[in-house]
Amino acid sequence: MDCYSENYNYSNTILRKNNVNDILSLKKKGEKIAVLSAYDYCTSVICDKAGVDILLVGDSAGMVMLGYERTATVGLEEMLVFCKGVSMGTKRAMVVADLPFGSYQPGTGAALENAIRFIKVGCDAVKLEGGSELVDTIKALVAVGIPVMGHIGLKPQTASLWEGYKVQAKTKDSSMKLIAEARALEQAGVFSIVLEMVTSEVAKIISKNLSIAVIGIGSGSDCDGQILVLHDILGVYENIRPKFAKRYADLSDSIFRAVTGYRTDVKSGKFPEDQNVFHMDPNEYRELQRELEKDS
Ligand code: KIV
């Protein structure tokens, strides 16, 4: 590869995707890890250019992109399409595929088979929700070389079936249990865990005591990194507005105004303008008219 290759960036260093070591070295250096959930090619190109370290193709895609009521509904084939789009749009960020509900619970064989499909479409790692009950599955994935991200605290795939979306680790006992789950995942071989809606005190303890990258969502500022859903920070997804999500734009208003403007212009004939139109060569057009006149 020479320095004119598109795989070189402007500072002449090789432009390649973040791997597990890159992510862990961010933690070692004390540099916070920026993660977003994204679901398609176009927005992934932008996120990648903006320097996000990891793009998660979250199963929240089921709600945000398909309008499902909960994440557990999204299917494997649907997630594979989203993952392909994100992988195609990403040159630098690590792409993590969220294994959808039902694709890893049946057992190690199913988890391996399905995780490999996500690697085949260009993902660099997989995420699964759960704690010590998944230790054997995680070990099997890591043994064949697939990096795994865990997800504990609030587990949206099943939370709505039990107690709903509640803050986790509010008591000493539940905190001790969560800390043990985090340790079990680390020992099983995950390189990172998502901690969702965990009290900031416990999230801090877990982040400080584990050597893996702890990515928080609604779990305070002491985690090694943060994750939010792209559509939440852009202000596009209106169905749920979680307390932990910060809006950096109000794109739904901008999109509404753009679409209204387009509709009005089409109805009034203001669009398309001459600059949006393709013309025939005037001589060809004259000949065409003559030809048509002959026929009539
Ligand atoms: O599905 C998702 O996007 C997630 C993150 C919000 C952690 O699991």
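**Close-up views of a predicted model**

View 1. Asparagine 114 is buried, at 12% relative accessible area. Buried means under 20% relative accessible area, with a 1.4 Å probe and protein chains only. The model is predicted: local features need pLDDT of at least 70, side-chain atom pairs count only at pLDDT 80 or more, and totals for chains, interfaces and linings use all residues. Residues are numbered from 1 along each chain as its sequence is written, and side-chain values use heavy atoms, with hydrogens and water left out. Asparagine 114 belongs to helix H5, residues 108-120. Helices here are DSSP runs (H or I, at least four residues), numbered from the N terminus. A polar side-chain atom of asparagine 114 is 2.8 Å from the backbone oxygen of serine 103.

**View 2. The shell around the ligand.**

**View 3. Ligand oxygens and polar side chains.** The side chain of serine 37 has an N or O atom 2.7 Å from a ligand oxygen. For aspartate 59, a side-chain N or O atom is 3.0 Å from an oxygen of the ligand. Aspartate 98 places a polar side-chain atom 3.3 Å from a ligand oxygen. Taken alone, the ligand exposes 260 Å², and the protein buries 95% of that. These areas come from the Shrake-Rupley method with a 1.4 Å probe.

Methods:
Polar contact = N/O pair within 3.5 Å; in protein donor to acceptor, adjacent residues only side chain to side chain. Helix = DSSP H or I, 4+ residues; strand = E, 2+ residues; numbered from the N terminus. Buried < 20%, exposed > 50% of the residue type's maximum accessible area, 1.4 Å probe, protein only.
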